[in-house]
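Hi,

Here is the structure I promised to pass on.

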Amino acid sequence: MRRLLSLVKKQRKVTGNKMKSYKLNDGRHIPVLGFGTWKAKDGEEAYQAVKAALEAGYRHIDTAAIYQNEESIGKAIKDSGIPRDELFVTTKLWNNRHTYEDAVNGLEESLHKLGLDYIDLYLIHWPNPVTHRENEAWKERNREVWRAMEDMQAKGKIRSIGVSNFLPHHLDALLESAKVLPAVNQIRLAPGVYQEEVVRYCRDKGILLEAWGPFGQGELFQNETVLTLAKQYDVTPAQLLLAWSLAEGFLPLPKSVTPERIASNLQCSAIALSPEDCDLLRKIPVEAGAPNPDTKDF
Ligand code: NDP
């Protein structure tokens, strides 16, 4: 049994062009795993992390204007020599750009920093910034920004458009005027942080759920259930957590700046968790919950 498992482990190495993809509701394909870059510092750290990720086989990179590392990521992409059409790059519009004109300018700035002609997936990062809460101004702000994103998509500057941290009532408001259905909603999702209502809503509408914080931002590496199951399946805790996310049909975005972790995290797609173990993981109690976008202080 042990020999068989180690053989499976060896075969798990996923290369970029072999990575599976999800089909989005707009017909495009997105690699099932993305490389997270929040807190990867602009400069050498973000550059080396993305370089290592691309060498290991990731083809999907997740960044955001607010991470302030788009330039280093763009440089790593350029230096990799990987053809543009083999890469999938996501970035996000921050809260200070919630008018039509600012959204267009925000996108242009991200394109410039990343050194790209188009973005594969562009997201509204946050549904309800603190500055737009009075009289529910966020509703009109999101509609306006979405219109800009639809227009930029029609012009070919963005391939797919989506949202992040949106709860059902934010999506309902957006869909009142949207011509294009969001392709994804990127939310905090991990064992123990299971936003059931949002998950159900997005599944019903065919909106793909991307999972940020798939390791509970590190917290889950101390969890007893995670450690016990990882041992049972003869995988690392990180691989187990990513396998869970994939088994749920989510798109996890593991972040690391450590080359060995970057490579080994990728080797999770062949791990088949039993439905009972998936259930066990879904229900584990964790301290950190998902942030409430309606009350968060930014
Ligand atoms: P993660 O759950 O990905 O956890 C990252 C932490 O796990 C880092 O400290 C990393 O350390 C550590 N780690 C990674 N792999 C291993 C391993 N194999 N063994 C031990 N430790 C490991 O948290 P994030 O918050 O970064 O979420 C992932 C991504 O999701 C972000 O980077 C970003 O792209 C996106 N995101 C989106 C948000 C949104 O609002 N839309 C909000 C937050 C994140 P180290 O780097 O030192 O190796």
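Which residue follows helix 9, and is its phi positive or negative? That residue is Gly249, with a positive phi near 85°. Before going further, some ground rules: this is a predicted model, where local features need pLDDT of at least 70 and side-chain atom pairs count only at pLDDT 80 or more, while totals for chains, interfaces and linings use all residues. Residues are numbered from 1 along each chain as its sequence is written, and side-chain values use heavy atoms, with hydrogens and water left out. Helices (DSSP H or I runs of at least four residues) and strands (E runs of at least two) are numbered from the N terminus.

Back to helix 9 (residues 237–247). Nine of its eleven residues are buried (under 20% relative accessible area, with a 1.4 Å probe and protein chains only), so the helix is largely enclosed by the rest of the structure. Among the buried ones are Leu240, Leu241, Leu242 and Trp244. Their cover includes strand 1 (21–23), strand 9 (208–212), helix 8 (224–233) and helix 11 (275–282).

Eight strands make an open sheet in the order 3-4-5-6-7-8-9-10, with parallel pairing (two strands pair if DSSP finds at least two bridges between them). Strand 3 (35–36) and strand 10 (251–252) are the edges, each pairing on one side only.

Six of its seven residues are buried, so strand 7 is largely enclosed by the rest of the structure. With strand 6 (residues 119–124) it pairs in the parallel sense over five bridges; Tyr122 has Ile161 as its bridge partner, and Ile124 stands opposite Val163. Towards strand 8 (residues 184–188), also parallel, there are two bridges, and Val163 is partnered there by Asn185.

Finally, helix 6 meets helix 7 (residues 196–205): their axes come within 10 Å and cross at roughly 35° (lines fitted to C-alpha atoms over the stretch in contact, with angles from 0 to 180 degrees between N-to-C directions). The contact (heavy atoms within 4.5 Å) includes Leu171 and Leu175 of helix 6 and Val198 and Tyr201 of helix 7.

Cheers

Key. Buried < 20%, exposed > 50% of the residue type's maximum accessible area, 1.4 Å probe, protein only.
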